[in-house]
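Trainee: I have a two-chain model to go through. Can we take it question by question?
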Amino acid sequence: MDLRFTPEENAFRQEVRGFFRDNLDPALRAKLVAGHHFSKQELVDWTRVLNAKGWGVPHWPVEHGGTGWTPVQQYIFLEELQAFPAPAPLAFGVNMVGPVIYTFGSEEQKTHFLPRIANMDDWWCQGFSEPGSGSDLASLKTKAVREGDHYVVNGQKTWTTLAQHADWIFCLVRTDPAAKKQEGISFLLIDMKTPGITVRPIQTIDGGVEVNEVFFDDVRVPVGNLVGQENKGWDYAKFLLGNERTNIARVGVSKERLRRIRELAAIERIGEEPMIRNPRFREKLAAVEVELKALEMTQLRVVAAERTREKGKPDPASSVLKIKGSEIQQMTTELLLDVVGPYALPYAPEPDADAHLSNEPPIGPDWASSVAPTYFNWRKVSIYGGSNEIQRQIIAKAILGL
Amino acid sequence: MDFDLSDEQRLLKESVDRLVADRYDFESRNRFRSEPDGFSREIWAQFAELGLLAVPFAEEHGGIGGGPVETMIVAEAFGRGLVVEPYLSTVILGGGLLRHGGSEAQKAEILPAVAAGETTLAFAQVERGSRYDLFDVATTARQDGEGWILNGEKGVVLHGDSADRLLVTARTGGSRRDRHGIGLFLVDAKAPGISRRGYPTQDGMRAAEISFDNVRVGPDGVLGDPGGALLVVERVADEAIAALCAESLGIMDRMRDLTVEYIKTRKQFGVAIGSFQALQHRAADMVVAIEQARSMTYFATMMAGEDNAAERASAIAAAKVQIGRSGRFVGQQAVQLHGGVGVTMEYSIGHYFKRMTMIDTAFGDADHHLSRLAEGGGLFKAA
């Protein structure tokens, strides 16, 4: 048992950090630190920088552009990316649909889509949730009826993150309404430019628009866009959701947030003293650090166990990561809210990240405006990816056998 | 990055796990507790035979040269069995103080006897009012010719009533809360001037209030620098905390297993109560708390041997915070899910709960360590 990173792993960490330092636009990093959104183009450009380096899809198999890194290296890369902070490549492509395509897709799908995902030539979004199908995802109703060489899709998806930017959507659709609910579902790739698709934004309580409703009205999808076999989509979805959960702890993100909290708490004052010297505040902060350290070790235990785990079978411990990881992320947003104090109040709708910034100076300290919105927005993290209550059900069943 | 045990460690784990499983069921434990010293001399001899009492000591002192991982393995198993023998006081504390602070002659005299199960030790450190501050020492050691004379009162000395030798912190200089001027003394527990009042503890073990009235200690009874023992005491306290984390982990794992077994069997309204979602979610939250505690136990184990005292201290403090919080949560849930039988003496869960609760008060509770950690600048310092 040796929980230290090897000298090679530490050298790798330095290499990754050095690459981010030399290649990420400092202005984009500053946006992330300040909690502001970045534009579509900024993410596309950054993804192409990573991809040119060969790091666009590090966890993919080497024959599809992966790096062949060990699980520990993958973890270090991700942690550095989050903690730097640098924008993460779009998960819907590289973490979700990409692995489904290279595992279950046809040769044509692999050849066409995989390089385009790695280079962000296509922006992907996820069509799983529906208005009536949240935690009970398998109850979904959007249907696809085969007509010759096409499926005709009708229905509605919701919570579709960044669908406003998307070129493609991967969807779960019902192809056999007579079968048991998990057994009549198929996995379809749909071009967002197809006639009959309408995207309607949903504004979240922070004032931002990152999720949408997507309506399908007689949308014709070529049968070649079916992934794997008809009516086997639920298996592919479970595979995808298992992959989603492995990175859900987001340790690096919380580390970066804690660093930010320390930085700002050294500036903000309580009475004559910087907040960071206030015993009550710093103990609250230390308590979150303890939880985060424990989470980091839990994450590393899961990473270390990956060598011996059956492919595609998620470790039930990833439910622990989801619950704790989301709680800690939310705690960091609360601490930031505490730090900012009264200047959390002014509401300044964030200008569209693609638009030109206004010349008006910010109200209050320039770090304050994103704090309350982030706190409000991040309530989502214990809801998405299988709500924390669903995770408790998974623990009760898969770990405890209840 | 490697969480696996070596082959030797796996063998050690198998043998101590088997001993606890075969010899340390709940009824046996009750019997051991009622023996004159409050523990079983026979089991103690078996520990010695298996080499468990020799784990952290060097081979030339009759030991097997194990490190923090080996100690973790033993302590975790002892937690699962709720072992009442004086392992912590003799091997970890007394043995640790000698290992880090003793002269070659002192080590050669005592450690082989400890490893063989012939000598037990206790650490007389806490005083009324010192609370968790290791440097808060009012007991005095006055130089007298070549030797020393001890005066003062020590409290809640774990296994202090049965120990053969005592390790005592006493002030040789400075004032009560100074970090300097603290000495560490090795005395025979039956030396003239020592009086011991033994009593049972809440968690099924024994402790003693010990007073020192002009107790003479020879020049060979002082460990290391008579004014500079605090660093050794702190190091050993950190090792003890790491061992307590592992013991706690064993306790929590057992509490989870007992609880899950109970709610799968206990029926109400015609079904197993474990089928109710309110109970399932409590049990799932126990799992989350235990996994976090397991992670911090590994972290504490890794850092227990760290020579950089500040880094070691903040890591150990963080682990004790996690163990304290997880332990309290898991214990309370376990009792709640057992319902009425959870608060009875005849059922084992309450005894695990009591030991878990008392561990929080050993070498600083969660609040104490949280404020230490916060004062020291936290865990994630600027890289």
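Trainee: Is the crossing of α5(A) and α6(A) left-handed or right-handed?

Mentor: This is a predicted model, where local features need pLDDT of at least 70, side-chain atom pairs count only at pLDDT 80 or more, and totals for chains, interfaces and linings use all residues. Residues are numbered from 1 along each chain as its sequence is written, with chains lettered from A and ligands numbered from 1 in the order in which they are written. A crossing is left-handed if the near helix is turned anticlockwise from the far one by less than a right angle, and right-handed if clockwise. The crossing of α5(A) and α6(A) is left-handed.

Trainee: How are α5(A) and α6(A) oriented to each other?

Mentor: Axes are lines fitted to C-alpha atoms, for helices over the stretch in contact, and angles run from 0 to 180 degrees between N-to-C directions. Helix α5 (residues 91-104) and helix α6 (residues 107-118) of chain A pack at about 165 degrees, with axes 10 Å apart. Angles under 35 degrees count as roughly parallel, over 145 as roughly antiparallel, 65 to 115 as roughly perpendicular and the rest as oblique. So α5(A) and α6(A) are roughly antiparallel.

Trainee: How many nonpolar residues does the contact of α5(A) with α6(A) have?

Mentor: Contact means C-beta atoms, placed from the backbone, within 7 Å. From α5(A), A:Gly93, A:Val94, A:Gly98, A:Ile101 and A:Tyr102 meet A:Gln109, A:Lys110, A:Phe113, A:Leu114 and A:Ile117 of α6(A). Ala, Val, Leu, Ile, Met, Phe, Trp, Tyr, Cys and Pro count as nonpolar, Asp, Glu, Lys and Arg as charged, and the others, Gly among them, as polar. By class there are one charged, three polar and six nonpolar residues.

Trainee: Which element gives the most to the side of chain B that touches chain A?

Mentor: The contact takes 36 residues from chain A and 32 residues from chain B. On chain B, the elements giving two or more residues are α7 (230-265), α8 (277-303), α9 (309-338) and α11 (366-375). Helices (H or I, at least four residues) and strands (E, at least two) are DSSP runs, numbered from the N terminus. With 13 residues, the element that gives the most is α8(B).

Trainee: How are α12(A) and α8(B) oriented to each other?

Mentor: Helix α12 (residues 388-399) of chain A packs on α8(B) at about 85 degrees, with the axes 8 Å apart. The contact pairs A:Arg392, A:Gln393, A:Ile395, A:Ala396 and A:Ile399 with B:Gln280, B:His281, B:Ala283, B:Ala284 and B:Val287. That angle therefore makes α12(A) and α8(B) roughly perpendicular.

Trainee: How many charged residues are in the contact of α10(A) with α8(B)?

Mentor: Helix α10 (residues 317-340) of chain A and α8(B) pack at about 90 degrees, with axes 10 Å apart. A:Ala317, A:Val320, A:Ile323 and A:Lys324 meet B:Val287, B:Val288, B:Glu291 and B:Gln292. The contact divides into five nonpolar, one polar and two charged.

Trainee: What radius of gyration does chain A have?

Mentor: The radius of gyration is taken over C-alpha atoms, and the globule rule is 2.2 Å times the number of residues to the power 0.38. With 402 residues, a compact globule would be near 21 Å, and chain A agrees, at 22 Å.

Trainee: What share of chain B is buried?

Mentor: Buried means 20 or more other C-beta atoms within 10 Å of the residue's own, exposed 12 or fewer, and partly exposed in between, with C-beta atoms placed from the backbone. In chain A, buried residues make up 44% of the 402 residues. Of the 383 residues in chain B, the buried share is 54%.

Trainee: Where is the cis peptide bond from A:Phe84 to A:Pro85 placed?

Mentor: The bond from A:Phe84 to A:Pro85 is cis, with omega near -10 degrees. A:Pro85 sits in the loop between α4 (71-83) and α5 of chain A.

Trainee: Is B:His159 buried or exposed?

Mentor: B:His159 is not a glycine, although its phi is positive, about 60 degrees. B:His159 lies in the loop between β3 (147-158) and β4 (165-171) of chain B. With 28 other C-beta atoms within 10 Å, B:His159 is buried.

Note on methods. Two residues are in contact if their C-beta atoms, placed from the backbone, lie within 7 Å.
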